[in-house]
Protein chains: 4
Amino acid sequence: MSAPTLATFRPQDHEYAFHFDGQREPYAELVAGALAMVYTEDCFGGAVLSVDDLPSQVCEWPFLNPVTGPFHIRGADIGDTLAVHIVAITPARDHGFSSTFPHFGLLTSTAATASLQPPLEERVWRYTIDEAAGVVRFHARSSDLGVDLPLEPMIGTIGVAPAGGETHSTLTAGEWGGNLDTRLIRAGTTVFLPVNVPGAMLALGDGHARQGDGEICGVAVEVPMVVTLLVEVIKGATIGRIRLETDATIVTLASGRPLEDPVRASQHDLVLWVADLTGLDLLDAYQLVSQGGGAVVGNVVDPAYTMAAVMPKRHLPAAAYYGGVHQRLRSTATQ
Amino acid sequence: MSAPTLATFRPQDHEYAFHFDGQREPYAELVAGALAMVYTEDCFGGAVLSVDDLPSQVCEWPFLNPVTGPFHIRGADIGDTLAVHIVAITPARDHGFSSTFPHFGLLTSTAATASLQPPLEERVWRYTIDEAAGVVRFHARSSDLGVDLPLEPMIGTIGVAPAGGETHSTLTAGEWGGNLDTRLIRAGTTVFLPVNVPGAMLALGDGHARQGDGEICGVAVEVPMVVTLLVEVIKGATIGRIRLETDATIVTLASGRPLEDPVRASQHDLVLWVADLTGLDLLDAYQLVSQGGGAVVGNVVDPAYTMAAVMPKRHLPAAAYYGGVHQRLRSTATQ
Amino acid sequence: MSAPTLATFRPQDHEYAFHFDGQREPYAELVAGALAMVYTEDCFGGAVLSVDDLPSQVCEWPFLNPVTGPFHIRGADIGDTLAVHIVAITPARDHGFSSTFPHFGLLTSTAATASLQPPLEERVWRYTIDEAAGVVRFHARSSDLGVDLPLEPMIGTIGVAPAGGETHSTLTAGEWGGNLDTRLIRAGTTVFLPVNVPGAMLALGDGHARQGDGEICGVAVEVPMVVTLLVEVIKGATIGRIRLETDATIVTLASGRPLEDPVRASQHDLVLWVADLTGLDLLDAYQLVSQGGGAVVGNVVDPAYTMAAVMPKRHLPAAAYYGGVHQRLRSTATQ
Amino acid sequence: MSAPTLATFRPQDHEYAFHFDGQREPYAELVAGALAMVYTEDCFGGAVLSVDDLPSQVCEWPFLNPVTGPFHIRGADIGDTLAVHIVAITPARDHGFSSTFPHFGLLTSTAATASLQPPLEERVWRYTIDEAAGVVRFHARSSDLGVDLPLEPMIGTIGVAPAGGETHSTLTAGEWGGNLDTRLIRAGTTVFLPVNVPGAMLALGDGHARQGDGEICGVAVEVPMVVTLLVEVIKGATIGRIRLETDATIVTLASGRPLEDPVRASQHDLVLWVADLTGLDLLDAYQLVSQGGGAVVGNVVDPAYTMAAVMPKRHLPAAAYYGGVHQRLRSTATQ
């Protein structure tokens with residue numbers, strides 16, 4: 001097997017997308033087996049350059065959370081499943097920004113969870129990124145405290161054209177993916193997405209140098225990224241929800257409100273998947289997931305919250321999920 | 001420093017409690033510095049002996065989820081904080097049981113989340129526990145599949161007398177603790193509880209050989225336990241929510257519905273705690289928790305769901321929380 | 001039939017209860033067929049005397065929301081249903097008070113729905129009550145505006161001893177009743193409550209001169225009341241949830257969070273009741289309730305929100321619910 | 001003033017829309033002051049013709065809930081408000097249909113509130129409509145019972161092109177309107193909608209002969225309608241949420257999950273509106289709404305639940321809301 005070819009994609013400023021939209025012209029095409037290096041802008045569209053740039057002043061809705069794409073995937077037809085293997089996520093800058101944002105985040109009232117209280121102060125933090133040391137450095141604004149946190153790059157937003165002719169902002173999430181903001185989409189992860197329109201129309205962005213579970217202030221350590229990925233189309237395999245696979249786990253995602261609902265929907269899909277992989281009936285699979293599974297909080301701040309249900313592969317009989325596509329992509333990636 | 005004395009407590013059948021209740025006579029007294037070995041019954045009160053014993057038939061509400069206690073803690077006064085260090089949790093039996101239960105659990109309608117659908121099948125699973133191997137073995141009912149899961153003993157229910165003269169079933173949870181069902185209460189954890197009545201009136205039970213996040217079918221691998229613990233009273237320190245400390249983390253707990261609410265309340269308390277420990281203002285502490293913290297799902301099945309907010313100590317300046325009580329108890333325990 | 005006898009009950013200051021509690025000594029006894037006039041204190045325990053008395057300063061938790069009782073109902077045994085007919089609710093004062101309260105209410109963050117925002121201003125409003133005119137007069141604090149609102153006296157809190165040995169604060173609600181805060185409990189309503197302990201142990205209080213749906217600021221127009229009531233025990237009739245009957249409607253109540261859950265539980269109980277009354281199967285009853293029923297918001301501010309499901313009797317075949325107890329009590333009351 | 005002109009609009013089968021979409025070509029144009037009679041198809045697209053036509057078999061997602069439109073409103077520019085006065089809603093057929101639908105509705109698990117339980121039976125009901133008598137007749141399927149319910153025609157779905165370039169299914173709701181399913185949008189109501197794109201792009205459908213609060217089985221008495229309406233553009237008036245006005249009330253709407261959130265958001269908007277109309281400060285307006293306002297359940301079954309906050313005009317000083325547009329349209333309509 002020969003080494004994969006490599007294509008690079010960096011949009012012009014006007015080429016970023018702000019929706020998952022099956023009507024939009026493709027930005028480029030991806031083919032199975034070819035490595036793609038995709039530049040993603042940060043969620044502020046690059047407009048925050050210092051702690052003095054308040055997002056509510058330098059950004060303008062709906063021009064938030066730009067994604068790179070949509071990529072037309074050659075050979076992807078309605079009813080297929082798209083596998084996207086994340087080979088690498090590399091910060092394109094030596095610093096990132098986070099912030100509070102008026103009436104956005106977990107520990108504030110919002111337009112949806114409305115109150116008569118004034119918003120919290122809007123404040124920006126600049127983080128130093130030391131890629132060699134694997135460190136993201138927090139600098140307090142109210143004191144001299146600095147804290148080194150592990151660099152754990154992830155993709156906050158990834159998705160395809162929604163089904164049913166809908167067009168969704170990149171700020172929300174659903175069965176098409178979107179603003180999932182889960183730490184589980186990182187290098188080494190394969191993301192399975194439904195193909196709802198010809199070509200799937202994949203787009204991604206919103207790289208985070210790191211975030212805590214829940215992304216509670218609403219904004220992670222936001223940074224432009226270079227994302228290396230490999231795609232493959234699984235013909236004739238239809239999925240209802242986003243699924244992930246890593247070397248160690250299988251994962252199902254769901255988004256919605258209240259938070260127990262995406263817990264229900266993600267665990268439900270994991271039970272179905274485990275039953276499928278093991279031949280257990282639904283009640284036995286429910287039991288095995290109950291004792292052996294995990295529930296990981298993605299975000300609790302976006303219009304639809306995201307939860308992940310996780311099963312370690314070591315708790316399952318050996319199986320090649322989706323025909324071993326993860327292992328195949330992983331192996332291609334590491335050539 | 002001399003080795004701690006050791007007292008053992010195993011209630012008679014009629015001595016178990018089913019409430020957290022400040023009016024109940026103490027079962028026994030505990031004193032700071034003395035190791036206590038406490039026998040806890042399983043959540044079925046020992047009534048499930050085989051996979052043929054359906055809980056809805058062999059158990060009778062409200063005689064579910066028995067706890068051992070209440071223990072009067074010498075010297076604990078209203079407004080103090082009680083520190084309970086879990087030294088060890090050892091299964092008292094070589095097998096445990098789990099089950100579904102009619103209209104209880106995450107993936108079913110319930111009395112609260114009512115539907116017109118009939119209940120799922122009630123089914124019992126018997127797990128083999130191999131303590132030496134550190135394994136809990138799942139045996140499927142619908143096939144011959146067996147799966148070894150890690151033995152990870154934990155205490156599902158621990159609490160004190162509620163404030164304000166309330167008496168709560170051991171099936172629910174609140175600021176007094178109760179049926180928290182979080183994997184984070186295990187050997188090595190120190191649990192901080194409010195003292196709402198003289199003597200605090202500590203009680204505990206509901207040992208789990210293991211559970212997945214969320215305890216989604218409603219029932220973990222239930223087993224009687226011998227719990228070894230050490231207590232200490234922190235005079236004059238008042239806490240609003242249950243907090244935990246391990247060698248590596250500080251943790252805050254909250255219970256409620258919908259699930260985003262205990263996420264909010266636990267993260268809020270963690271922000272307050274981090275601000276207190278670091279001298280950061282609230283917004284800086286919010287930011288640090290947002291990027292460095294965790295959110296761990298306890299249960300999503302009990303009357304009040306429980307969430308934990310977690311901060312690794314390595315992300316905080318060195319500090320002795322609550323006067324170093326955790327390290328002191330840890331050190332006493334390991335003598 | 002002779003006119004009912006009349007007994008009056010006005011507790012001493014120290015005799016009010018702050019819990020629904022099966023262990024508490026009865027305050028008095030009620031017998032079927034005898035009119036009782038019960039004085040209830042306001043939710044502030046009478047401590048707010050002017051707009052300068054801020055509740056957070058003049059009241060002390062848990063001494064909030066006093067109820068009069070518990071009344072031991074002669075002949076009420078476990079498994080029976082208690083019918084309480086509200087004959088009249090009369091303000092005992094010519095003015096009432098409302099207020100905001102720090103971190104309590106719908107349009108503010110709370111301890112449960114926590115945020116880092118400071119509380120709203122605490123402010124007290126004094127309402128003039130003109131019983132003859134049937135008017136409650138709002139006086140703005142920020143301007144001279146005055147608004148006449150209809151006087152619509154109701155009982156905010158009514159309940160019995162909880163099942164299962166629990167003791168609940170009068171601030172919350174559940175299957176035992178409690179702080180329901182629904183406008184539907186007013187003169188002319190019969191309230192059906194479960195009998196969980198011998199004598200039922202009825203208690204009531206928290207009279208409102210009026211409130212809007214949801215009681216959104218957390219506090220209605222609070223006023224001491226004289227409540228005239230008649231009780232009857234329905235032997236051997238067991239109910240799972242609080243039900244109401246008026247001349248025109250049957251109503252089921254449920255309390256919980258999130259708000260869709262008490263909607264589900266109350267509508268579910270109404271479907272069961274309608275099926276029972278009409279002989280329809282569950283799906284037909286579901287359909288009839290879907291097109292002919294109502295959903296009325298009680299409160300969305302207490303620890304458990306309360307919803308009512310309502311079916312007009314004109315949409316049902318003629319029936320004597322619970323053996324015609326409502327009509328019988330109504331007739332007795334109007335003699 | 002001369003009588004308004006009258007235009008009629010009945011789409012061809014292929015002309016119905018299934019999205020609120022600013023990119024779609026207008027179906028027709030409306031001008032202020034001209035009466036429009038708009039034919040709307042039922043939510044099944046006319047495919048249910050008898051109780052044997054199960055919706056899950058005769059309908060195909062996403063071709064559900066067709067709307068008539070979009071209508072380009074002459075002179076409507078971004079930032080204006082569109083006023084749509086509902087003059088009349090007349091059933092276009094002498095019968096309607098309701099049904100259950102698999103895993104849809106309040107009293108069943110759904111894809112969002114997932115469970116492992118099988119769906120309820122799918123069943124269709126045919127209702128007889130007697131317009132002269134003002135009656136919708138329920139015919140039970142499990143018995144001979146028939147019940148006359150009041151004919152109360154309403155529009156379930158009405159909205160404009162969403163802001164921010166989004167395209168939403170007609171099955172959901174948001175700030176653009178959509179599948180609101182509230183009984184308050186009926187003859188005599190003026191609906192105020194934001195203008196997010198040039199021409200506003202109004203569309204409507206989903207007529208109900210009647211529904212109960214919450215539309216709990218998920219489907220009302222669905223019937224094609226002839227809707228007579230009048231529009232007017234309020235230049236330069238920007239609204240954040242849908243508002244309604246009737247002769248007797250002002251109303252604010254909000255949609256979302258969990259249900260307490262649209263309660264919060266609708267009551268919040270009502271407080272802002274009352275403050276604006278009365279000159280009260282926010283806290284006084286909050287108080288007045290708390291005691292004088294209503295909360296009406298729209299639906300608790302669609303992807304976003306809808307709640308209405310209602311203030312009777314008699315509780316407010318005399319005012320001409322939005323320059324008296326409701327009265328003006330009302331007066332035009334009744335010429």
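This report describes the chain symmetry, a helix pair, the cysteines and some backbone features of a predicted model.

In this predicted model, local features need pLDDT of at least 70 and side-chain atom pairs count only at pLDDT 80 or more, while totals for chains, interfaces and linings use all residues; side-chain values use heavy atoms, with hydrogens and water left out. Residues are numbered from 1 along each chain as its sequence is written, and chains are lettered from A and ligands numbered from 1 in the order in which they are written.

## Relation between the chains

Two copies of a chain are related by a rotation about an axis and a shift along it. Here copies are superposed by least squares on the C-alpha atoms of residues with pLDDT of at least 70 in both.

Chain C is superposed on chain D by a rotation of 180 degrees with 0.0 Å of shift along its axis, at an RMSD of 0.0 Å. In chain C, the C-alpha nearest that axis belongs to L259(C), at 2.7 Å. Because 100% of the interface residues of chain C are also interface residues in chain D, these copies too meet through the same surface.

Helices (H or I, at least four residues) and strands (E, at least two) are DSSP runs, numbered from the N terminus. Axes are lines fitted to C-alpha atoms, for helices over the stretch in contact, and angles run from 0 to 180 degrees between N-to-C directions. In chain C, the axes of helix α2 (residues 260–278) and helix α3 (residues 282–292) come within 8 Å and cross at roughly 115 degrees. The crossing of α2(C) and α3(C) is right-handed; a crossing is left-handed if the near helix is turned anticlockwise from the far one by less than a right angle, and right-handed if clockwise.

Contact means heavy atoms within 4.5 Å. On the α2(C) side, Q267(C), L270(C), V271(C), L272(C), V274(C) and A275(C) meet L282(C), A285(C), Y286(C), L288(C) and V289(C) of α3(C). These residues divide into 10 nonpolar, 1 polar and no charged, where Ala, Val, Leu, Ile, Met, Phe, Trp, Tyr, Cys and Pro count as nonpolar, Asp, Glu, Lys and Arg as charged, and the others, Gly among them, as polar.

In chain D, helix α2 (residues 260–278) and helix α3 (residues 282–292) pack at an angle of about 115 degrees, with their axes 8 Å apart. The crossing of α2(D) and α3(D) is right-handed. Their contact has 10 nonpolar, 1 polar and no charged residues.

In chain A, 10 of the 11 residues of helix α3 (residues 282–292) are buried, so this helix is largely enclosed by the rest of the structure. Buried means under 20% relative accessible area, exposed over 50%, and partly exposed in between (1.4 Å probe, protein chains only). Among the buried residues of α3(A) are D284(A), Y286(A) and Q291(A).

## Cysteines

The whole structure holds 0 disulfides over all chains, a disulfide being a pair of cysteine sulfur atoms within 2.5 Å. For C59(A), which is in no disulfide, the nearest cysteine sulfur is that of C43(A), 7.3 Å away. C59(A) counts as buried because its relative accessibility is 11%. The sulfur of C217(B) is 10 Å from the closest cysteine sulfur, in C43(B), too far for a bond. C217(B) also counts as buried, at 0% relative accessibility.

## Backbone features

Most residues other than glycine have a negative phi, and most peptide bonds are trans. The table lists departures from these two patterns.

| Site | Feature | Angle |
|---|---|---|
| R257(B) to P258(B) | cis peptide bond | omega near -5 degrees |
| R257(C) to P258(C) | cis peptide bond | omega about -10 degrees |
| H103(B) | positive phi | phi near 55 degrees |
| M201(B) | positive phi | phi about 65 degrees |

P258(B) lies in the loop between β19 (249–256) and α2 (260–278) of chain B, and P258(C) in the loop between β19 (249–256) and α2 of chain C. H103(B) is in the loop between β7 (95–99) and β8 (124–130) of chain B and, at 31% relative accessibility, counts as partly exposed. M201(B) occupies the loop between β15 (190–194) and β16 (202–208) of chain B; with a relative accessible area of 5%, M201(B) is buried.
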